[in-house]
Number of protein chains: 2
Amino acid sequence: MAKDKKKKPARARAVLPRGFRDVYGEDVRQRWNTLSAIRSVFDMHGFDPLETPAIEYVEALGKFLPDVDRPMGGVFGFQDEDEKWLALRYDLTAPLARMVAGSYDALAKPFRRYQTGPVYRNERPGPGRFREFIQFDADSVGTAEMAADAELCMMLAEALEAVGMARGDYIVRVNNRKILNGVLESIGIAPGEAGEEQRLGVLRAIDKLDRLGSQGVRALLGDGRKDASGDFTKGAGLSTDQVDKVLAFVDAGGQSPTATCDRLLDLVGTSEIGVEGVSELREIAQLTEAAGFGADRILIDPSVVRGLGYYTGPVFEAELTFPVTNEKGETVVFGSVAGGGRYDGLVKRFIGRDVPATGVSIGVDRLLTGIAARQSQESQLNDGPVVVVVMDREELPRYQAMAEELRASGVRAEMYVGGSGMRAQLKYADKRQAPVVVIEGEDERGQGVLTLKDLKLGSILAKTIESREDWAKGQPAQITVPRDRLVDEVKALLDRHRPDQNAE
Amino acid sequence: MAKDKKKKPARARAVLPRGFRDVYGEDVRQRWNTLSAIRSVFDMHGFDPLETPAIEYVEALGKFLPDVDRPMGGVFGFQDEDEKWLALRYDLTAPLARMVAGSYDALAKPFRRYQTGPVYRNERPGPGRFREFIQFDADSVGTAEMAADAELCMMLAEALEAVGMARGDYIVRVNNRKILNGVLESIGIAPGEAGEEQRLGVLRAIDKLDRLGSQGVRALLGDGRKDASGDFTKGAGLSTDQVDKVLAFVDAGGQSPTATCDRLLDLVGTSEIGVEGVSELREIAQLTEAAGFGADRILIDPSVVRGLGYYTGPVFEAELTFPVTNEKGETVVFGSVAGGGRYDGLVKRFIGRDVPATGVSIGVDRLLTGIAARQSQESQLNDGPVVVVVMDREELPRYQAMAEELRASGVRAEMYVGGSGMRAQLKYADKRQAPVVVIEGEDERGQGVLTLKDLKLGSILAKTIESREDWAKGQPAQITVPRDRLVDEVKALLDRHRPDQNAE
């Protein structure tokens, strides 16, 4: 890059691959504040942070098998110098499993860690679907106690409040997979591998309750369903009696935890696994209630099933419940921002035996969208820095000192470091959304004063005053202050735009 | 992962590829605190944060050319579905260039952004050399003003203080490439491409001043140098007179900025580029001095050359100056943790013309090593959480409430969520470095009291008291307190171990 080449190369294209994006300015700060708020909650609960590299052996990530010639589907893979296949992590659970298995005996158990960072999916991107996105996970490894699951539910609720969600804006729903398995056993669908396919069909059907409603799910549990376009989806093949029983399970919520659990106990009948599931769910309900988390925050909800095979016991899901407008212009509930549950197969691939574990994963990008939706009514709080204009290049140290003084008193400020004139500098300040501009020309310097331009007030006035000339004469958005009052006067200007001040 | 396979697969190995590592617990917190402290400084100066994806088109990253069959050397590369080559970023400057070029006209200029994140090098790892490591960059794009360079030097100094370095523990050195070019011109080494190779030889020689001393550099500037092992390195081929002049340049520092600049002006003679360089350096010195940054923080130092071709004007380097012991047991200065300078070729590959820019890059992992070295004398400040022991599983809500109370008053605390007995729980608390353990057995519950074990005091006493039996009888590290005094008494125990309390 140092020297000019004789041959002029073709210009490179300044673009990102599809499914990737830059994040800039206030959006980055919002992201960091959100991550930091979640971290504080998890820290307070005694969880410790882990950071693992983005690159792992494909073998350690599991699930995907490398071809010899090309990277495997779903992950970004590549070969190391020794021909071993590496890949970018596709979630934070697989690296946790590798880490736990690699130092299993040395770890204090239960091992409770949280981790946040980008994960990568080599999939077709779409609107709002990126190939790099951020997750925030917390897991307890090495304990079968329901107290660990209850703790994660409470942490989710606390984390959502820490990032600014009011009580009532969110709900953490809890269910237990064993109960559904028990219900299915009680209606004659075999446990274990025999009934596996039918069980998956039932899970898939219930998972669509939000979208299709109870009638749609009924069809999918039975013979199948024809959608508006005429496409037919094969059903799980349950009889009407069986369907009624499954729907009764799905509908068993909405009451006090005790009443819901009693109803579920009826539904599972004598199924051992079902009874166990209800007892686990009851224990979580008791623990969260005892800790002061009422049903307005953590709710027993049998309609939560969370995806397919993976989970073995409690499952949880955190939802933002306030209304938003979707792409079709319909008013809908914002929806899920986090989920998780209990799983036992975590380190089995490495050490050959099941280790009980439970975890949650927050979809940070989705949560940020939710936070933005919630805040969209509020006015723009985040300004750019105060800009000190450079009127006279020989006096740079004077301008620099002004910026330093402002910063020393906690005001974000910069001296303009470009080489352009006054007009361009004001335009720059405007583009930066600077609330205030500090000006010291020769005249001001002679008199020991400064001119402060209130750009925010200026832009409000510009919208309301008809003739720009009138405005220029009056200059209500511009004041002259003694040089030694710089900090106080700038702070006064900033204060008059603070929302709480306006509210008075 | 949901169901057991009939065929038992071979166990996966729980290892990371070479050159990668996990970071856990306090090390992660120290990393975050450091990043956050640097961020605050850059924010206050009006810089805005940018985050770009880890994956870019190889074409946009530049410098590397993909083979058709295998990833290119130095970077981790792989093909996208459309056969285009992607790669993991190897620094944060290339993505900045791509971003700036992609939205050049829309940006407020100077465009001042900071960015931190991992970068990837597909190189042979070594001790302390990783293939994934963290950088923290700040750049001003679109300004040729020395004020921008001066600002970066001041920001570096402030950032190092913000992460805990005392004044005197660090120094930011500044130089200007144009001066060396001027010196070389004045001794007859042609400017431009003609003298390029000799100029690079001189840069390489000066860069080794730290390691080889003035005699070694003299040899490398002249005919060449034979090292202790007998290996011979060819020299830059300068005459004795020329070597003297270059060494006079390197030695020109150590005086007041004005005196140093005057001496440099003598050395560059009539070289236009040299005179320009001295004037630029003088301007930076004036600006930083005027802002209150003395030579104890920002120092004009002609021996700083910063690597090879790349830079076109000012160059800077931040060093930690306190002594540490190296691998050979020698006492050495800790050394460089950040560097940067002015470069013009940034977006040329994309938009076809030079855009002036200047930037710094902090090596965060190296800085963290420096911070750890500086803190190693201090006592261990970071404890694990307070652990509430579960004596009686039926009473989980009681124990949970205790942990909640502690957290609500700002004490990091957890209830043990494993299934093990008392003994294992105390061992767990010990492994977690819990300062205090809270115990409520049946007896305590009956009397409305709790037992608090001060594990920190316990471990101190265990080292000093001879007979463990005597100790067990006395139990000085264990107190009984009323249930409703939980928070106050735990806080009192924590307080007595705070370093400032002990110092009184």
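Mentor: Keep in mind that this is a predicted model. Start where the copies meet. 100% of the interface residues of chain B are also interface residues in chain A, so the copies meet through the same surface.

Trainee: How many residues of chain B are in contact with chain A?
Mentor: 87 residues of chain B are in contact with 87 residues of chain A. Contact here requires C-beta atoms within 7 Å. Helix α13 (residues 396-408) of chain B gives the largest share of that side, six residues. By class, the side of chain B that touches chain A has 44 nonpolar, 17 polar and 26 charged residues.

Trainee: How do you know how the two copies are related?
Mentor: Superpose them. A rotation of 180° with 0.0 Å of shift along its axis brings chain B onto chain A, with an RMSD of 0.1 Å. The two copies are thus related as by a two-fold rotation axis.

Trainee: Which residue of chain B comes closest to the rotation axis?
Mentor: Phe78(B), whose C-alpha is at 3.0 Å.

Trainee: What makes strand β1 of chain A and strand β2 of chain B a pair?
Mentor: Count the bridges. Pairing needs at least two bridges. Strand β1 (residues 23-24) of chain A and strand β2 (residues 48-51) of chain B have two bridges, so they pair, in the antiparallel sense. In β2(B), Glu51(B) is the bridge partner of Val23(A).

Trainee: Why is Val246(B) called buried?
Mentor: Set the count against the cut-off. Buried means 20 or more other C-beta atoms within 10 Å. Val246(B) has 24, so Val246(B) is buried.

Trainee: Where does Val246(B) lie, and what does Val246(B) touch?
Mentor: Val246(B) lies in helix α8 (residues 240-250) of chain B. Leaving out residues up to four places away in sequence, Val246(B) touches Val183(B), Val202(B), Leu221(B) and Leu238(B). As for Val487(B), Val246(B) is 241 residues from it in sequence and 68 Å from it in space, C-alpha to C-alpha.

Definitions and conventions
Residues are numbered from 1 along each chain as its sequence is written. Chains are lettered from A and ligands numbered from 1 in the order in which they are written. This is a predicted model: local features need pLDDT of at least 70, side-chain atom pairs count only at pLDDT 80 or more; totals for chains, interfaces and linings use all residues. Copies are superposed by least squares on the C-alpha atoms of residues with pLDDT of at least 70 in both. Two residues are in contact if their C-beta atoms, placed from the backbone, lie within 7 Å. Helices (H or I, at least four residues) and strands (E, at least two) are DSSP runs, numbered from the N terminus. A residue is buried if 20 or more other C-beta atoms lie within 10 Å of its own, exposed if 12 or fewer, and partly exposed in between; C-beta atoms are placed from the backbone. Ala, Val, Leu, Ile, Met, Phe, Trp, Tyr, Cys and Pro count as nonpolar, Asp, Glu, Lys and Arg as charged, and the others, Gly among them, as polar.
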